[in-house]
Amino acid sequence: MDKIFTLGQIIAGAIVKGFDRLDDKTISMLVTEFKREHKDYVYKRDFLPEWDCYLDYQEEKFYLRRDLKHDDKMIVKSKLKELAGLDVSKFYDELNVHGFVLNKIYEKGGSYHIGIEENIFSNFEQEYVDEMYEWGYFSVDYDEYEVEDNRVFLSQYGKLALFKYLYKEELERFKKELKSRRINEQILDDYLLSEDLSETHIWSILNVDKLKQYCNEYDRALPENGASEVYFNKIDLSKNSDGSGRKIISDLLTVFDNGHCIYVCHPNHIFGGAPLLTEDVYDINNVNWDYINIDNMKDKNDFKEFLMPDEAFKYITKRLQHMLKKNIGQNSKRNVYLTVIEQYPIYYQNNYLVRGIIKADVESLYVAFNPEYEQVIPKSNFERGLRYSGNDTPKIYLKRRNNF
């Protein structure tokens, strides 16, 4: 059953927040904002009981009663907070007044004439306007000959702040996508400042491909700190192939060193941070190869240990086929992934290195090597013999890794 909030609660909460006057436009905007934040609420224009004990109504505006003494005002505000209720009071506690004021300007066409501020903003709101002038959120169009035409506009910084206010939920969703894709969130503001934020199609702005174009054009690093782009190579395992695909699989799954083993698991269960794959993110583009959580993999109990490459490959192909079948009817174009992790000992303590990621679609397999691991793959049987006998240990297996 839907909950109810009323006109009286909105006015009461606004007065407690600090609004010194409320006209119909301001009330309407506050109601809209509350409904945006609380979709399970229904609005009714019911008023407060004995409202005239608390409020004045003059020239189509509500005020806190002006004849109240200071102590009486404190008592009345306490009563108004009680009448506003917990959810409305919490809404006002969290209200972004800067964004609210910017939205009021936006709804007036994005600008207003200098000198009519008092007609638009209450004293409470004007304090926020003054702050935003200092922050560079406004630009002023002066005409020394036609003073009445002088107007205040939102600067690009003001438009950005308004954009964040109007599309808070969409931005949070996009930021989650950036985290999953291991994209540097710090470039987001600069990117948005370069965009036309009046564009009505929000997802044409909050778009990873456009963000990539921006980074390429302005030479900005796309992956977050520690992450790097993943390069998948399609592998051919057919009888008529040149054998390079089989070698890639062998290099990925063979245990070259005595005392080592490999694990196979889902990428979300080994890489630290936000999940790499979500309902919105279907592909792996960037990873931090060293940021892994082995305890999470073991807690999920969704892994398999191997010493022999043939056994590992049989398990991988069978599991990938099962994952692809699950996609049928849901999202048949969605790729599926598995990760190969190597366990190696140092001073009687196990350490872990991600060797690479395997991707599959309905037609092919693809492999992306961890570049650090790829550099130490033995290039000949002689090197393999040295490795397994312990006469040649690459540096990557001589360092402890902070796999939390």
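Is the crossing of α2 and α5 left-handed or right-handed?

## Helix packing

The crossing is right-handed; that is, the near helix is turned clockwise from the far one by less than a right angle. Helix α2 covers residues 24–37 and helix α5 residues 97–107, and they pack at an angle of about 115° with axes 11 Å apart. Axes are lines fitted to C-alpha atoms over the stretch in contact, and angles run from 0 to 180 degrees between N-to-C directions. Helices are DSSP runs (H or I, at least four residues), as are strands (E, at least two), numbered from the N terminus.

On the α2 side, K25, T26, M29 and L30 meet F100, N103, K104 and E107 of α5 (contact means heavy atoms within 4.5 Å).

## Basis of the model

This is a predicted model, in which local features need pLDDT of at least 70 and side-chain atom pairs count only at pLDDT 80 or more, while totals for chains, interfaces and linings use all residues. Residues are numbered from 1 along each chain as its sequence is written, and side-chain values use heavy atoms, without hydrogens and water.

## Nonpolar core

The largest nonpolar core has 47 residues, and F19, L22, L30 and Y92 have the most contacts inside it. Such a core is a set of buried Ala, Val, Leu, Ile, Met, Phe, Trp, Tyr and Cys residues joined through side-chain atoms within 4.5 Å; buried means under 20% relative accessible area (1.4 Å probe, protein chains only). Among the residues that F19 touches are L30, Y92 and F100.

## Sheet

Three strands form an open antiparallel sheet in the order β2-β5-β4. Strands pair if DSSP finds at least two bridges between them. D23 stands opposite K61 in β5.

Note on methods. Buried < 20%, exposed > 50% of the residue type's maximum accessible area, 1.4 Å probe, protein only. Lists of a residue's contacts leave out its neighbours within four places in sequence.
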